[in-house]
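Hello,

Here is the structure I promised to pass on.

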Amino acid sequence: MAGDITVTEPTKGRMAIHISPEKTASQQADEWQDAHWEVRVTFPSGDAYSLVRGWARLTVGAVQ
């Protein structure tokens, strides 16, 4: 599932990843039990590298 990624402070290595409530509204929290995420950068040469990765958890009622 694609989310929205904003690189807020590229010189400090900060970015924000946001998945809108509309994208998760019909999903149950237990469907995300083994969910993981990864941010990859793809260069013009076609080379792709993983920058960061981790586990995701859907929390009912959590809205920012």
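Below is what turned up, from the overall layout down to single residues.

Bear in mind that this is a predicted model. The mean pLDDT of the protein is 78. A score of at least 70 is reached by 84% of the residues. Strand 4 (residues 48-55) has the highest mean pLDDT, 88. Strand 1 (residues 4-9) has the lowest, 70.

Layout

The protein has 1 helix and 4 strands. Their order along the sequence is β-β-α-β-β. Of the 64 residues, 11% are buried. The protein exposes about 5700 Å², and carbon and sulfur atoms supply 52% of that area. Among contacts with a separation of 6 or more, 18% join residues 24 or more positions apart.

Nonpolar patch

Which residues form the nonpolar patch on the surface? They are Val 7, Met 15, Ile 17, Trp 37, Leu 51 and Val 52. Together they have about 510 Å² of accessible area. Trp 37 sits in strand 3 (residues 36-42). Its relative accessibility is 33%, so Trp 37 counts as partly exposed: the cut-offs for that class are 20% and 50%.

Aromatic pair

A search of the whole structure gave 1 aromatic pair. The partners are Phe 43 and Tyr 49, with ring centres 5.9 Å apart. Their planes meet at 70°, so the pair is edge-to-face; that class needs an angle over 60 degrees. Are the two residues buried, exposed or partly exposed? Phe 43 is partly exposed, at 39% relative accessible area. Tyr 49 is partly exposed as well, at 46%.

Arg 40

Arg 40 is another residue in strand 3. At 48% relative accessibility, Arg 40 counts as partly exposed. What does Arg 40 contact, leaving aside its neighbours within four places in sequence? The list is Ala 48, Tyr 49, Ser 50 and Leu 51. Two of these names have come up already: Tyr 49 belongs to the aromatic pair, and Leu 51 to the nonpolar patch. Val 52, also in the patch, is 12 residues from Arg 40 along the chain. The C-alpha atoms of Arg 40 and Val 52 are separated by 7.4 Å.

Best wishes

Terms used: Residues are numbered from 1 along each chain as its sequence is written. This is a predicted model: local features need pLDDT of at least 70, side-chain atom pairs count only at pLDDT 80 or more; totals for chains, interfaces and linings use all residues. Side-chain values use heavy atoms; hydrogens and water are left out. pLDDT is the predictor's confidence in each residue, from 0 to 100. Helices (H or I, at least four residues) and strands (E, at least two) are DSSP runs, numbered from the N terminus. Patches are made of residues with over 30% relative accessible area and no salt bridge: like charges are joined within 9 Å, nonpolar side chains (Val, Leu, Ile, Met, Phe, Trp, Tyr) within 5 Å. Accessible areas come from the Shrake-Rupley method with a 1.4 Å probe; for residues, only the protein chains shown count as cover. A salt bridge is a side-chain nitrogen of Lys or Arg within 4 Å of a carboxyl oxygen of Asp or Glu. Buried means under 20% relative accessible area, exposed over 50%, partly exposed in between (1.4 Å probe, protein chains only). Contact means heavy atoms within 4.5 Å. Rings of Phe, Tyr and Trp (its six-membered ring) pair if their centres lie within 6.5 Å; planes under 30 degrees apart count as stacked, over 60 as edge-to-face and the rest as tilted.
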